[in-house]
Amino acid sequence: KNPELEYFYTKQAAEMGMTEAQHNLACMYLEGKIVEYDSLKALAWFSYAGAAGFAHSQVIYPRGGENN
């Protein structure tokens, strides 16, 4: 398994709008294992996936972004 390729293809898919890839990319940034830890980038990608209806990301970013 090549971490650099995993990041490259995950980011490419995320940028194309694939919600699971957006969530996975957010996890990469949050965990800081393949890429450097970046909570702002993680939140941004969780936001995209959550707003698009990806259930796992909605735990972090509720659909529509409402602050309840």
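Biologist: Which residue does the side chain of Lys-1 meet in a salt bridge?

Modeller: A salt bridge needs a side-chain nitrogen of Lys or Arg within 4 Å of a carboxyl oxygen of Asp or Glu. Here Lys-1 pairs with Glu-6, at 3.7 Å from N to O. This is a predicted model, where local features need pLDDT of at least 70, side-chain atom pairs need 80 or more, and totals for chains, interfaces and linings use all residues. Residues count from 1 along each chain as its sequence is written, and side-chain values use heavy atoms, without hydrogens or water.

Biologist: Is Lys-1 buried or exposed?

Modeller: Read the relative accessible area: buried is under 20%, exposed over 50%, partly exposed in between (1.4 Å probe, protein chains only). Lys-1 is exposed, at 91%.

Biologist: How many salt bridges does the whole structure hold?

Modeller: Two. Lys-11 also bridges to Glu-15, with the closest N and O atoms 2.8 Å apart. Both sit in helix 1 (residues 3-15), four residues apart, about one turn of the helix. Helices are DSSP runs (H or I, at least four residues), numbered from the N terminus. Lys-11 is partly exposed, at 25%.

Biologist: How do I read helix packing?

Modeller: Two packed helices are described by the angle between their axes and the distance between the axes. Axes are lines fitted to C-alpha atoms over the stretch in contact, and angles run from 0 to 180 degrees between N-to-C directions. Helix 2 and helix 3 pack at about 160°, with axes 8 Å apart. That makes helix 2 roughly antiparallel to helix 3. The cut-offs: under 35 degrees is roughly parallel, over 145 roughly antiparallel, 65 to 115 roughly perpendicular, the rest oblique.

Biologist: At what angle do helix 1 and helix 2 pack?

Modeller: About 135°, again with axes 8 Å apart. The two helices are therefore oblique to each other. Residues in this contact (heavy atoms within 4.5 Å) include Glu-6, Tyr-7 and Lys-11 of helix 1, and Asn-24, Leu-25 and Met-28 of helix 2.

Biologist: How many residues make up the largest nonpolar core?

Modeller: A nonpolar core is a set of buried Ala, Val, Leu, Ile, Met, Phe, Trp, Tyr and Cys residues joined through side-chain atoms within 4.5 Å. The largest one has eleven, including Ala-13, Leu-25, Val-35 and Trp-45. Helix 1, helix 2 (19-31) and helix 3 (39-51) each supply at least two. Helix 2 gives the most, with five.
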